[in-house]
Amino acid sequence: MTSSSVTARRLAAAALAAGALVGAAALPATAADRSHRENVEISRVQYDSPGWDNGSNRSLNHEWVEVTNNSRHRVNLDGWRLTEDRRGVTYTFRHFTLGGHQTVRVHTGVGRDTAGDLFQDRRNYVWDNRRDTATLRNDERRFVDSVTWGERGQRWDDNRGHEGRGQRWDDNRDHHGRGHDHRR
């Protein structure tokens, strides 16, 4: 055997070993990305704009949903959807990454997007003041979280005129029926 063929074999073996290491390292990153996505939730909803619902852009922008990333890693929300379930009104996140332990407020009206505030650019209210559900789905259309308020047979407060506005009124149960309080 010549020294050039031994060298070629060693280089080929080293390349295969390096490829296997890179492949093995990529697996935990993918699993970790999924676990970060599971830490994203709808943390608060301001479904009833304070004051008169006069349809002004200011009033529309006082109707919002907060989405919070509870992990320490940033999560790419590109393609995620926030949907009003009764009529199917949907907002799709575009080119937006939510930092670790960060919250973004998605307003109904028109405005300039920032790291902490996004705008649906709508001219009409989205969320029903009496009864509705906000649902968040990821870019693969998989369920992430939802918040419901005003269900029949449920004791709830319409939050008019006091500090409780924008809180979760789903009898403090998450989508799995466990106690889960989104008030922060």
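Mentor: Arginine 105 is partly exposed, at 24% relative accessibility; buried means under 20% relative accessible area, exposed over 50%, and partly exposed in between (1.4 Å probe, protein chains only). Keep in mind that this is a predicted model, where local features need pLDDT of at least 70, side-chain atom pairs count only at pLDDT 80 or more, and totals for chains, interfaces and linings use all residues. Residues are numbered from 1 along each chain as its sequence is written, and side-chain values use heavy atoms, with hydrogens and water left out.

Trainee: Which side chain does arginine 105 meet in a salt bridge?

Mentor: Glutamate 66, at 2.6 Å, N to O. The two sit 39 residues apart, arginine 105 in strand β7 and glutamate 66 in strand β2 (residues 64-69). Strands here are DSSP runs (E, at least two residues), numbered from the N terminus. A salt bridge needs a side-chain nitrogen of Lys or Arg within 4 Å of a carboxyl oxygen of Asp or Glu.

Trainee: And is glutamate 66 buried or exposed?

Mentor: Buried, because its relative accessibility is 10%.

Trainee: How many salt bridges does the structure hold?

Mentor: Three. Arginine 87 is exposed at 53%, while glutamate 84 is buried at 1%.

How values were computed:
Helices (H or I, at least four residues) and strands (E, at least two) are DSSP runs, numbered from the N terminus.
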